[in-house]
Amino acid sequence: MNRQLLLNWTGAVLLILMLVISGCSKNNNDSSPVNNQEQPADGQESNQTQEEKSDDGESNSKEQEKPATRTIEHMEGTIEIPDQPKRIVDISGMTEDLLILDIQPLGTANTDPFDNSLIDPLIKEKLNPSAIPLGYYGGGTINLEAIISLEPDLILTNIRHHAINDKLAQIAPTVIVKDNEYSTDWRGRFVHLGEIFNRQDDVSTWLDGYDQKAKRLHDEIVARTGDETFGIIEVGAYGYRIYADAGVGDILFNDMKLNRVPGTPEGEWGASISLEGLTTIDPDHIILLYSDTELQELEASSIWKNMTAVKRGQVYRITNEVQYAQAFTTLGKSNLIDTISQLVLNKK
């Protein structure tokens, strides 16, 4: 009897265990589809997040690759240019100024005014050997095909090349450097260049140094010449000219503040005259700007021989090639002011 009870009790326990196991299994099966449905959703969300991150990364990358720009003023209003231009072409005549700021152009129009295939000797050694001549900044034909081949990101030009501005603008942003109608405002051009490249302080420092040198040379010359007067005469293919405030006149009368001879014509460029027109001035010192082929007539004339400066041997000669290349630009003026001073000071 006891044995029978034990078997019955054991069977009951086993039955209860089976029911419990069966219930647990069902609960697990019921929850499984929920897990299976949620998992893909989590996966999709993860993939979507990765795609969004990828898109954001590409967008940020594109923003970083796009060069920064800024807007500046120039001769024709405003223009947007690269904030840090790397490939600069200069046909404005500002190559010397760029070199002062340690900026190397790919091409230049600072060339020999009588042979535009030759880069001005004053800057040739300072330029990268790969820099090429593109024409003459003072006018004439500019080599547009060569400019295109250089793939510039900024072009500097001037008012003398107005006819090709539209073509230049199709190649790269083109800045027309500020100047006056005679293209003689070398200080204003340099200041504008400083604004273009955010180098205003460097420009001011260089100009201050130039003015200090001009004052020192003024003092040295006046210590020797006193109140004596100076005149500037040019003889060339176009005849004779008495200079006033342009070119060499700017150096003598505005920078060094030497006494100009009475009778010096009004106006920036002075006046074109005949040989007989030289009788309107009689300076103590003459800066003679000349071309060899036209010099013979002048030196043979009695008008020239009877001028005070000629009689005293106080004539200082500078070729037209040099004066046209140097008298209107920064490094050129700095070089020419030394040349003129040494000619005067070393005269025995």
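Colleague: At what angle do helix α6 and helix α7 pack?
Modeller: Keep in mind that this is a predicted model, where local features need pLDDT of at least 70, side-chain atom pairs count only at pLDDT 80 or more, and totals for chains, interfaces and linings use all residues. Residues are numbered from 1 along each chain as its sequence is written, and side-chain values use heavy atoms, without hydrogens and water. Helices (H or I, at least four residues) and strands (E, at least two) are DSSP runs numbered from the N terminus. With axes (lines fitted to C-alpha atoms over the stretch in contact, angles from 0 to 180 degrees between N-to-C directions) that lie 7 Å apart, α6 (residues 186-196) and α7 (residues 200-225) pack at about 155 degrees.

Colleague: So how do α6 and α7 run relative to each other?
Modeller: Angles under 35 degrees count as roughly parallel, over 145 as roughly antiparallel, 65 to 115 as roughly perpendicular, and the rest as oblique. The angle here is about 155 degrees, and therefore α6 and α7 are roughly antiparallel.

Colleague: Which residues of α7 does α6 meet?
Modeller: Contact means heavy atoms within 4.5 Å. From α6 come Trp186, Arg187, Phe190, Val191, Gly194 and Glu195. Their partners in α7 are Gln200, Val203, Trp206, Leu207, Tyr210 and Asp211.

Colleague: Which element gives the most to the lining of the largest pocket?
Modeller: On a 1 Å grid over the protein atoms alone, a pocket is an open set of points with protein on both sides within 12 Å along at least five of seven lines, a cavity is a set where a 1.4 Å probe fits but cannot get out, and lining residues have an atom within 4 Å of a point. Elements giving two or more lining residues are β10 (230-236), β11 (239-242) and α12 (320-326). With three residues, the top giver is β11.

Colleague: And how much space lies in the largest cavity?
Modeller: The count comes to one cavity of 30 Å³ or more. Thr184, Trp186, Asp250, Phe328 and Lys333 are among the residues lining the largest cavity. Its space is about 40 Å³.

Terms used: Points joined across faces, edges and corners; volume = space filled by probe spheres on them.
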